Amino acid sequence: MAAIVVLGGGVCGLATALVLARDGHEVRVLERDAAPVPDSPADAWEGWRRPGVAQFHQAHFLLARSARLLDAELPDVRDALLAAGALRYDPLRHAPPTAGIEEQRPDDDRFVSVTARRSTLEQVVARAAAEEPRLQVQRGVEVDGLVTRRVDGAGLVTAVHTTTGRRVDADLVVDATGRRSPLPAWLHASGDRSPYQEATDSGFSYYTRFFRSRDGELPQVRASLQFPVGTFSLLTLPGDGGTWAVTVVTDSHDRPLKELRHEDVWTAVVGACPRQAHWLDGEPLTGVLPMSGVLDRYTRAVVDGVPVVTGLAAVADSWACTNPSLGRGISMGLMQAVCLRDALRDGVDDDPRTFAARWDDRVQEVMTPWYRATLAVDRARLAEMRALREGRVPELPQGPAALGPALGRAAVHDPELFRALLEVVGCLALPSEVFSRPGVAERVTRVAEDHPPAPAPGPDREQLLRLVAGVPVS
Ligand SMILES: Cc1cc2nc3c(=O)[nH]c(=O)nc-3n(C[C@H](O)[C@H](O)[C@H](O)COP(=O)(O)OP(=O)(O)OC[C@H]3O[C@@H](n4cnc5c(N)ncnc54)[C@H](O)[C@@H]3O)c2cc1C
């Protein structure tokens, strides 16, 4: 069993640490933010200072894949989440009548999510970590570099050092420092080769407001929780304890829409969307919380078939992150925690390159296809928003790329395809996996042909521009 140091105690860092400790490793988490874990979800929401997680107060929804991973790997965390007021969300119960979902099938439970606000989720995971034998979480410890030694041309990480000059040794260092991971800079500083990296601004901005139900009931779901309306999208995400979040997602370059940071403008735009306006009927818990500058970033520590560094594994957002409006970040982080646990079952070998290669293989096989698939959806949506903003007719994707949007249209008219769509949006199956099943691609194409793309209910571009300029729209 290995001595493992996890850098970063966010949701995925802590979940990774839990999974590894339960597999017999001695794990230490070093977390920069000093604030202790609050006693309750209410305290976590009100007062937990987490400057290390910029999205701490942004909308989060846990997809079905997260729930299935919690069922399998951390059932006590799932139970604690439910005890803390997390919501069991069954999308089949909210299917539109046209989808023809008439009977419950034995395996339909796979679509059910367990979801909560980010603060609740993190408080629950952090409390489980604090009680775990073989797992030590140290808060208020900032790591500022790696200690490496050269083995066969690659840097072997043997320890990290902290801003107070402390050195912490490890058989394996796990980087879970999130979207802004300093790993490439640390490798540069220690004289090691840089990992392969792709990084661009995802191009989206988010304007979120949280609400709490006045009567304990959640708003009726009258549209998919992620709903494109021309040049913006709406997220309506139910959470724990009768709370929910409404987010308007825009193209960051769409200057007039920056007015959405003002409460009156934001309210007018959401209020003009007939399937979402009723999500405003709650007690507001926040004003409008804007966020932009979110990176799409992907790293790989094997370059030209050779590891640039060994003794180190990057997980979750520090490995790769995308525009979060598909809500896949935590599910992917949990998937990767399990991949790491499994890769470690064969040991951290005498030759550290063996583990590095095995880990890279597993990430390439299990994780990278999810990153690529998510990026493809993001890029297509951004291109569509830009075309509509510029008054152009968006180019319709052709060939296999057409199947994703076609599934979105066909699913609401066919119970098999509705379930197929839930597999994709729940992060249970890759689109390529679903479309390669016998007959699925043909069925999607056939049903979608009868239902060509149509504008979603909500303001058109002209009306939207009037709304953000403060001019009422009749
Ligand atoms: C606007 C927005 C909305 C999102 N919505 C969803 C959603 O609906 N569903 C979903 O699944 N995902 C969502 N995500 C993604 C999700 O937030 C991330 O995938 C998740 O937080 C990743 O967890 P993590 O532990 O890897 O990183 P983080 O949660 O970012 O945690 C990183 C931790 O590392 C610490 N740290 C950083 N540097 C150091 C250092 N040098 N030394 C020690 N500690 C350090 C930080 O303090 C922090 O605690 C969203 C993201 C954004 C931006």
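Helix α1 contributes the most to the shell around the ligand, with three residues; helices (H or I, at least four residues) and strands (E, at least two) are DSSP runs numbered from the N terminus. The model is predicted, so local features need pLDDT of at least 70 and side-chain atom pairs count only at pLDDT 80 or more, while totals for chains, interfaces and linings use all residues. Residues are numbered from 1 along each chain as its sequence is written, and side-chain values use heavy atoms, with hydrogens and water left out.

**Ligand shell**
- The ligand is surrounded by 34 residues (a heavy atom within 4 Å), and Glu31, Arg50, His60, Phe61 and Arg118 are the closest.
- By class, this shell holds 14 nonpolar, eleven polar and nine charged residues, with Gly counted as polar.

- The side chain of His60 places an N or O atom 2.8 Å from a ligand oxygen atom.
- A polar backbone atom of Ala59 is 3.1 Å from a ligand nitrogen atom.
- A ligand oxygen atom lies 3.2 Å from a backbone N or O atom of Gly327.
- The ligand taken alone exposes 1000 Å², and the protein buries 97% of that (Shrake-Rupley method, 1.4 Å probe).
- Elements giving two or more residues to the shell are α1 (11-22), β2 (26-31) and α8 (329-344).

**Domains**
- The domain assignment, automatic or from a database, gives domain 1 (1-60 + 117-201 + 293-394), domain 2 (204-292 + 463-468) and domain 3 (395-459).
- The C-alpha centres of domain 2 and domain 3 are 25 Å apart.
- Their contact (heavy atoms within 4.5 Å) takes eleven residues from domain 2 and four residues from domain 3.

Conventions:
A polar contact is a pair of N or O atoms within 3.5 Å; within protein, one must be able to donate a hydrogen and the other to accept it, and residues adjacent in sequence count only if both atoms are side-chain atoms.
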